[in-house]
Amino acid sequence: MTDKVYPSAKPTADGGTAAPAAVNGGGTPAFPPNKAQLYNTTRPAYRPRPPVRRSHRRGCCCSCCLWTTLVILLLLLLAAIAGAVLYVLYRPYRPSFSVASLQLSKFNLTDTALTSSFNVTLIARNRNSKITFFYDQISVKILSGDVDIGDGSFPGFTHGRKNVTSLRTVISSSNSPFPDGTDISALKSSFRSRNLPLQIQLETKVKAQIGKIKTKKLKIRVTCDGIKVSIPTGKTATTATTSNLKCKVDPRIKIINWTV
């Protein structure tokens, strides 16, 4: 039997030959390819993502932070320049204090209370030729170790330029009981040896006048340490050795709830 031969392509209307069609999805695809062949219809269409937009609020926040920082730096720079100018023009010095004399006339100690009496003379010096100081009332405390053994005060005063002022007062503790939990073992030891180490502590507020400008009040603490005095055995007062004794002046700056 003779096999039938089929033409490989059907003739077209213009006499040409059409490309063979694919059989059962196989074979050679038609040319030119249609859209279904150019693009995979089973794949989802590609859609480009829109550009990410920056938040306008975030940009404003960054700008505010930058300008705030610049303003703070500028204010600090201006304050530093003003301070340098004032220092060059006025050459400011801190006020200084020293102990001129200290006498102990009475000192009786028991397990629960103390009776004492001190006569104290301090010298305050203002070395500035263009600055005047104004002091509030000055509270005075005498300590032996950590135990308060006498309290008193100096009245407030005006400390003129290039001035030396003498301050005198009596500091006492009249049969005052010790606060609960106070350790007086070191004080008893000093009492038995009849040799008492002391520290004088002053606290006050002071403001300065530079020309016609007055500053705000600043709290200061003055500490005079390294004093020793003998405890009297009779009615004659004993005198402490105070030569070459210097007192330290520290500003007390309060930041929120802390004092520096």
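User: Hello! In this predicted model, which residues lie nearest the centre of the largest pocket?

Analyst: Welcome! The largest pocket of this predicted model is lined by 21 residues. Those that lie nearest its centre are Arg94, Pro95, Phe133, Ala208 and Leu218.

User: What is the volume of that largest pocket, and which elements each supply at least two residues of its lining?

Analyst: The volume of the largest pocket is about 540 Å³.

User: How many residues of the lining are nonpolar, polar and charged?

Analyst: Pro95, Phe133, Ala208 and Leu218 lie nearest the centre together with Arg94. Counted over the whole lining, the residues divide into 15 nonpolar, 2 polar and 4 charged.

User: How many helices and strands does the protein chain have?

Analyst: The chain has 260 residues, and buried ones make up 27% of them. Of its contacts with a separation of 6 or more, 66% are between residues 24 or more positions apart. As for elements, the protein chain has 3 helices and 14 strands.

User: How many aromatic pairs are there, and why is the pair of phenylalanine 97 and tyrosine 135 edge-to-face or stacked?

Analyst: A search of the whole structure finds 4 aromatic pairs. In the pair of phenylalanine 97 and tyrosine 135, the ring centres are 6.1 Å apart and the planes stand at 80°. Planes over 60 degrees apart count as edge-to-face. The angle of 80° is therefore what makes this pair edge-to-face.

User: Where in the chain do the two partners of that pair lie, and are phenylalanine 97 and tyrosine 135 buried or exposed?

Analyst: The pair links distant parts of the chain, as phenylalanine 97 is in strand β1 (residues 96-109) and tyrosine 135 is in strand β3, 38 residues apart. Residues under 20% relative accessible area count as buried. Phenylalanine 97 has 6%, and tyrosine 135 has 5%. Phenylalanine 97 is buried, and tyrosine 135 is also buried.

User: What kind of pair do phenylalanine 133 and tyrosine 135 form, and which residues make up the cluster?

Analyst: The rings of phenylalanine 133 and tyrosine 135 have centres 6.5 Å apart and planes at 45°, so this pair is tilted. Phenylalanine 133 is buried, at 9% relative accessible area. Ring pairs join these residues into a cluster of Phe97, Phe133, Tyr135 and Phe157.

User: Which rings have a charged residue over them?

Analyst: Arginine 127 lies over the face of one ring, 4.1 Å from its centre, and that ring belongs to tyrosine 93. The charged end of lysine 214 sits 5.0 Å from the centre of another ring, that of phenylalanine 134.

User: Which residues are in contact with serine 173, leaving aside its neighbours within four places in sequence?

Analyst: Serine 173 is placed in strand β7 (residues 163-177) and counts as buried, with 8% relative accessibility. Leaving aside those sequence neighbours, serine 173 is in contact with Leu114, Thr115, Ser116, Ile149 and Gly150.

User: What is the phi of lysine 162, and what is the phi of arginine 194?

Analyst: Lysine 162 is in the loop between β6 and β7 and is exposed at 60% relative accessible area. Arginine 194 lies in the loop between α3 (185-193) and β8 and is partly exposed at 29%. Neither is a glycine, yet phi is positive in lysine 162, at about 50°, and in arginine 194, at about 60°.

Key:
Residues are numbered from 1 along each chain as its sequence is written. This is a predicted model: local features need pLDDT of at least 70, side-chain atom pairs count only at pLDDT 80 or more; totals for chains, interfaces and linings use all residues. Side-chain values use heavy atoms; hydrogens and water are left out. On a 1 Å grid over the protein atoms alone, a cavity is a set of points where a 1.4 Å probe fits but cannot get out, and a pocket is an open set with protein on both sides within 12 Å along at least five of seven lines; lining residues have an atom within 4 Å of a point. Grid points are joined across faces, edges and corners, and a volume is the space filled by probe spheres set on the points. Ala, Val, Leu, Ile, Met, Phe, Trp, Tyr, Cys and Pro count as nonpolar, Asp, Glu, Lys and Arg as charged, and the others, Gly among them, as polar. Rings of Phe, Tyr and Trp (its six-membered ring) pair if their centres lie within 6.5 Å; planes under 30 degrees apart count as stacked, over 60 as edge-to-face and the rest as tilted. Helices (H or I, at least four residues) and strands (E, at least two) are DSSP runs, numbered from the N terminus. Buried means under 20% relative accessible area, exposed over 50%, partly exposed in between (1.4 Å probe, protein chains only). A charge sits over a ring if NZ of Lys or CZ of Arg is within 6 Å of the ring centre and within 35 degrees of the ring normal. Contact means heavy atoms within 4.5 Å.
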